[in-house]
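Dear colleague,

Please keep it open while you read the notes that come after it.

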Amino acid sequence: MAAAVASSSTSTSQQTDTLKAATFQRLHPRIYLERFLAESVRPDGRALEQARDITVNVGSITTADGSSLVRLGDTTIVCGVKAEIAEPELDSPNEGYIVPNLDLPAICSPRFKPGPPSEEAQVLSDRLNEAFLASKIIDLSSLCIHSGKAVWVLYVDATCINYDGNAFDAALIALVAALRNTHLPKATYDEDTGLTVCSRRERIPLQINASPLSMSFGIFESTHLLADPTSFEEPLLDTTVTVVLTDKGELVSATQVGLGGTGSQDVLMSCIGIAKRRLAEVRPQIYRS
Amino acid sequence: MAVDRVLPGQPILIPKGPAPLLGNGVYSRDGTVRASLLGVPRNQGSTLTITRITPRAPVPNSIVLGSVTRLTPIQAMVAITVVDGVPLPLGEEFTGVIRAQDVRSTEKDKVKIGDCFRGGDVVKGLVISLGDARSYYITTARNDLGVVFATSEAGATMEPVSWQEMRCPKTGRTEKRKCAKPEGV
Amino acid sequence: MSTFDRRRINGPEESYPPLFEDGHDVGDAYANWKVGEPRQRRSAGDVRPIFMKPGLINQANGSAYVETEKTKLVCAVYGPRQSRNTAYSERGRLNVEVKFTPFSCTKRRAPIRDAEDRSVAVQIHQAILPSVRLELLPKSTVDVFITIIENDGLESCYASGAVAASAALADAGIEMLGLVTSCSSSMVGKEIWLDPTEREISLAKGSLVLACMPALGIVTSVWQSGEVKPVEAIECMEACQERCADIHAIVSEALLANAKVI
């Protein structure tokens with residue numbers, strides 16, 4: 001089908017203004033952010049201590065034993081659990097393994113280049129693992145198939161497909177939601193053959209002990225506390241704070257990287273307060289499944 | 001809004017009369033004019049184009065903005081972040097170079113790079129060639145080209161006072177730069 | 001195989017995918033199927049419904065998500081970027097990279113680039129290369145990154161990957177001669193089954209994937225494996241080409257619905 005040619009002129013003044021603002025943002029990111037914060041608003045229209053909306057979908061990936069797709073604002077993470085079988089360690093014959101990893105591939109942002117995991121991805125994977133260990137999401141002995149012989153290994157792999165900042169909070173939701181969605185086949189260890197055989201019909205949901213949630217913050221120029229920073233804001237922050245809470249809102253960990261405070265108030269305490277309020281509010285929606 | 005958007009590969013009806021020149025976003029193959037971009041075909045003068053405002057690579061005659069990353073006695077390196085008024089996404093940039101002979105149009109052989117640019121300055125330039133494998137060649141040899149934003153040694157944003165000096169509002173001291181004539185002056 | 005990597009959280013030195021009892025998976029439509037019997041769940045010439053959404057990855061210049069039942073993948077286009085570590089070139093470079101997520105296949109894939117990633121990338125590159133006007137992009141590289149979220153057979157990845165890549169390029173405003181669409185087929189017995197699943201490929205004696213620019217009536221790539229007679233290969237190509245026109249209509253609609261430009 002052939003199309004006709006339009007005659008009107010091309011660019012509107014609105015387009016020109018948008019481009020001018022974007023150009024200023026690109027050339028002078030710090031001043032750009034300062035001007036917004038001076039008006040107590042973020043470039044995306046949020047209040048300073050306001051986090052972005054969260055959506056969670058689970059179970060759509062049939063090749064995984066459990067899966068989730070999480071969006072935190074525009075940051076998007078898919079996570080899948082693959083269960084394999086291994087021999088337990090000699091000193092802990094009844095304990096299985098959980099292996100969480102986050103990948104930040106080149107597809108998700110111009111900041112990341114193809115190749116092995118970036119330093120940022122390594123740091124995030126380590127922090128996620130620590131949150132897993134600290135909050136005891138799963139009792140590792142519940143992954144035992146046969147003491148000393150066979151245990152489950154849960155590979156929990158999260159991949160970011162759109163990076164718009166604060167991957168930690170989004171990844172933690174994705175990992176926990178995928179585990180909560182995980183069903184393992186009923187497995188039997190045969191002492192004669194030394195093989196573990198799984199049922200094709202019977203699957204059992206994983207026993208989840210805890211479903212931690214986190215909330216992260218950044219501090220800009222030692223004055224403004226920004227909740228749930230975007231990829232534009234992140235490089236401009238001098239300090240970041242992450243609060244991890246249990247189901248009941250108890251503190252699992254609070255970490256601060258960077259020395260910046262916001263004047264007289266105790267930053268860590270106010271972050272914990274904000275996180276408690278926010279996470280209590282969003283928890284039912286995140287884990288309704 | 002009765003204008004039709006076209007998709008890459010879609011034929012475009014050319015009205016009878018003199019054939020238009022083909023600009024961006026369209027091409028001719030086997031006697032048929034087709035779109036190569038998603039957008040609305042328009043006549044700009046006698047040229048048929050489809051314009052998309054997307055980040056693009058510099059080409060000769062592109063106006064670029066970027067910040068000075070490194071200085072040597074013979075050239076200034078520039079990280080290009082805006083091409084023809086369209087900013088590149090965060091994390092993307094092209095490498096440009098302003099060679100000493102391309103800084104200004106007069107007394108080219110007396111140019112001292114250190115008296116024209118400093119690291120961190122934002123420069124407006126014109127792409128003169130695709131350069132070599134590494135960088136695009138940029139000139140600032142025009143009144144409206146040169147440093148458009150610079151911070152003084154005291155940390156304040158300076159104002160141009162002539163085409164080769166800027167003044168710090170904090171200390172009142174002047175620093176040497178190849179300044180661009182501010183717009184609208 | 002030891003996959004210890006100090007840059008990742010590691011599990012035990014060795015682990016094995018679960019071994020299942022004899023028999024077939026619940027819901028395997030081909031459990032008792034024999035050659036000569038008709039295709040299950042759809043007719044031979046039908047393709048699965050295609051869901052496409054351009055523009056999901058706002059950090060990229062262009063992107064597209066494609067889902068055909070169990071095949072799910074996402075593509076992002078970055079650039080034109082300055083080519084690095086390459087000699088000056090008058091023509092732009094088209095770089096295609098494919099990654100399978102570790103959970104995308106029946107057996108877990110260790111997160112290392114392997115030969116399969118590259119072969120899928122090569123097929124998609126070949127399918128879209130003739131469509132991109134690289135002569136307009138001297139010295140630049142266009143990066144096409146594809147992440148396969150769920151894999152239901154390589155043939156389906158080739159086809160959906162090419163469709164996603166072409167749509168993402170159009171979304172990114174990269175000039176091209178026409179949209180590329182692609183369709184896969186397999187010879188099962190004496191029948192041509194279009195858009196086969198991984199299970200159906202396992203029943204086939206050969207398969208063929210065709211990519212083309214329907215607006216121009218030009219084929220950009222043909223990939224074939226297994227055993228088929230020349231006449232069967234040509235029949236497969238014709239059947240695929242016909243379906244490519246339908247897929248082109250779906251892609252066009254999705255792109256126009258998403259386009260921000262007025």
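Between chain A and chain C, 49 residues of chain A are in contact with 40 residues of chain C, where contact requires that the C-beta atoms of the two residues, placed from the backbone, lie within 7 Å. On the side of chain A that touches chain C, the elements that give two or more residues include helix 3 (119-135), strand 6 (150-162) and strand 8 (195-205) of chain A, while strand 3 of chain A gives the most, with eight residues. Helices (H or I, at least four residues) and strands (E, at least two) are DSSP runs, numbered from the N terminus. The residues on this side of chain A divide into 27 nonpolar, 14 polar and eight charged, with Ala, Val, Leu, Ile, Met, Phe, Trp, Tyr, Cys and Pro counted as nonpolar, Asp, Glu, Lys and Arg as charged, and the others, Gly among them, as polar.

This is a predicted model, in which local features need pLDDT of at least 70 and side-chain atom pairs count only at pLDDT 80 or more, whereas totals for chains, interfaces and linings use all residues. Residues are numbered from 1 along each chain as its sequence is written, and chains are lettered from A and ligands numbered from 1 in the order in which they are written.

Strand 8 of chain A is also joined by two bridges to strand 1 (residues 19-20) of chain C, and the two run parallel; strands pair if DSSP finds at least two bridges between them. Here Cys198(A) has Phe20(C) as its bridge partner.

The largest nonpolar core has 193 residues, and among those with the most contacts inside it are Ala171(A), Leu175(A), Cys75(C) and Ile124(C). Such a core is a set of buried Ala, Val, Leu, Ile, Met, Phe, Trp, Tyr and Cys residues joined through C-beta atoms within 7 Å, buried meaning that 20 or more other C-beta atoms lie within 10 Å of a residue's own. Domain 1 (21-50) and domain 2 (63-176) of chain B both give residues to this core, so it lies between them; the domain bounds come from an automatic or database domain assignment. Taken over C-alpha atoms, the centres of these two domains of chain B are separated by 36 Å.

Within chain B, strand 4 (residues 41-44) and strand 5 pair in the antiparallel sense over four bridges, with Pro41(B) opposite Ile50(B). These two strands of chain B form a hairpin with two residues between them, and Gly45(B) in the turn has a positive phi of about 65°.

With best wishes

Note on methods
Buried ≥ 20, exposed ≤ 12 C-beta atoms within 10 Å, placed from the backbone.
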